[in-house]
Amino acid sequence: MKAGEVRRKKIGIIGVGNIGTSILHGLRAADMEKGREDRKIFISDEKKEQLRVFESDSGIEICASNEEVAKNSEVIILAVKPNDVRGVVEAIAPFMNEGGILISVAAGVPTSAIERDLGEGRKVIRVMPNIGARVGESVTAICKGEYAGEEDEEIAEEILSAIGAVYVVKERDMDVITGLSGSGIAFFAMVIAAMADGGVYEGLPHDLSLAISARTALGAAKIILAGDKPSSIKQMTASPGGTTIRGIYAMEARGVKAAMMEAVIEATKRAREISGKSKM
Ligand SMILES: NC(=O)c1ccc[n+]([C@@H]2O[C@H](COP(=O)([O-])OP(=O)(O)OC[C@H]3O[C@@H](n4cnc5c(N)ncnc54)[C@H](OP(=O)(O)O)[C@@H]3O)[C@@H](O)[C@H]2O)c1
């Protein structure tokens, strides 16, 4: 089996909202790119009208119920809101195939809670993507539950790689990753917008300022992912008595670093609160 090749041919997605749709588009794009026609994706959602846009895609089958998705699929991706997880899991449990894998994207719902509702011995993988999935740039953390094996984790990794980078982590790290990445993408969006406002304040047209701000963030991210440290970007940019060090002084004076750290810490705390509730 080649790396990146999906081993399971029948995949179900329950809940085709923000994340479910992104995963669906990512999987279809990956299949088309590889010329794969042997995989079928079964989908269901409470909002039936949301599914109609997929009617003309021969690789997608719209199901009348979640139970029908469960019957048809070897791997089920559960992409409903955390509060809806328990009800859906209990309803599909009798219909899941032997050896089937349930991948949950729900924030703050531990694998143990899903296993309890699905039944002992069932394979559960928990994943935390982010909305970067819309453009194939999700950062997705994945971990396995008690009964899933490494091969199941690999299957999930292959599927989720259709929407971006995947990291295999320990379940205890899921809450901080929810804060850092699941929520964190919104923090970066706010920073990009705030810097763009600075440009507008100084006279740039809004669209131009926003595009330049976003591309500046992208450049910083790419340099760091290529292996340079954030401090080296600072060093390469901040000349003595220059513009960058003046801006950095303003940021430090306002406590921007502490505020950004706190955003992640608070988001993580909230994820832990939600996880605590899900355990009950
Ligand atoms: N959005 C993010 O940035 C993000 C990031 C990481 C993880 N997640 C996780 O991803 C999950 C989905 O989030 P989302 O933002 O994609 O939510 P969403 O846009 O609300 O999508 C969920 C979809 O599931 C449908 N649904 C609700 N109950 C259902 C049921 N019983 N059976 C079938 N479909 C049902 C919803 O329909 P109705 O609207 O009619 O209820 C909606 O269309 C959540 O658990 C969240 O924690 C989200």
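**Exercise 1.** Determine which residues of strand 5 lie on each side, and whether they are buried or exposed.

*Solution.* The model is a predicted one. Strand 5 spans residues 101-104, with Ile101 and Ile103 on one side and Leu102 and Ser104 on the other. These four residues are all buried, and both faces of the strand are therefore covered.

**Exercise 2.** Describe how strand 4 is paired with strand 5 and with strand 1.

*Solution.* Step 1: strand 4 (residues 75-78) runs parallel to strand 5, and four bridges join the two. Valine 75 stands opposite isoleucine 101 of strand 5, and isoleucine 77 has isoleucine 103 as its bridge partner in that strand.

Step 1: strand 4 also pairs with strand 1 (residues 10-14), again in the parallel sense and over four bridges. Here leucine 78 is the bridge partner of isoleucine 14.

Step 2: the two faces of strand 4 are covered, with Val75 and Ile77 buried on one side and Ile76 and Leu78 buried on the other.

**Exercise 3.** Identify the residues with the most contacts inside the largest nonpolar core, and list what isoleucine 103 touches.

*Solution.* Step 1: the largest nonpolar core has 56 residues, and Ile13, Ile77, Leu78 and Ile103 have the most contacts inside it.

Step 1: leaving aside residues up to four places away in sequence, isoleucine 103 touches Val75, Ile76, Ile77, Leu78, Ile125, Val127 and Ala156.

Step 2: in soluble globular proteins, nonpolar side chains tend to be buried together.

**Exercise 4.** Classify leucine 208 as buried or exposed, and place it in its element.

*Solution.* Step 1: leucine 208 belongs to helix 9 (residues 206-225).

Step 1: leucine 208 is twelve residues from alanine 196 in sequence, and their C-alpha atoms are 8.5 Å apart.

**Exercise 5.** State the domain bounds of the protein chain and the separation of the domain centres.

*Solution.* The domain assignment gives domain 1 (10-174) and domain 2 (184-269). Their centres, taken over C-alpha atoms, are separated by 34 Å.

**Exercise 6.** Characterise the shell around the ligand by residue, element and class.

*Solution.* Step 1: there are 27 residues around the ligand, of which Gly15, Gly17, Asn18, Ala106 and Ala107 come nearest.

Step 1: helix 1 (18-34) and helix 4 (82-92) are the elements that give two or more residues to this shell. Helix 4 gives the most, with four residues.

Step 2: by class, the shell comprises twelve nonpolar, ten polar and five charged residues.

Methods:
Residues are numbered from 1 along each chain as its sequence is written. This is a predicted model: local features need pLDDT of at least 70, side-chain atom pairs count only at pLDDT 80 or more; totals for chains, interfaces and linings use all residues. A residue is near a molecule or strand if its C-beta atom, placed from the backbone, lies within 6 Å of it. Ala, Val, Leu, Ile, Met, Phe, Trp, Tyr, Cys and Pro count as nonpolar, Asp, Glu, Lys and Arg as charged, and the others, Gly among them, as polar. A nonpolar core is a set of buried Ala, Val, Leu, Ile, Met, Phe, Trp, Tyr and Cys residues joined through C-beta atoms within 7 Å. A residue is buried if 20 or more other C-beta atoms lie within 10 Å of its own, exposed if 12 or fewer, and partly exposed in between; C-beta atoms are placed from the backbone. Two residues are in contact if their C-beta atoms, placed from the backbone, lie within 7 Å. Domain bounds come from an automatic or database domain assignment. Two strands pair if DSSP finds at least two bridges between them.
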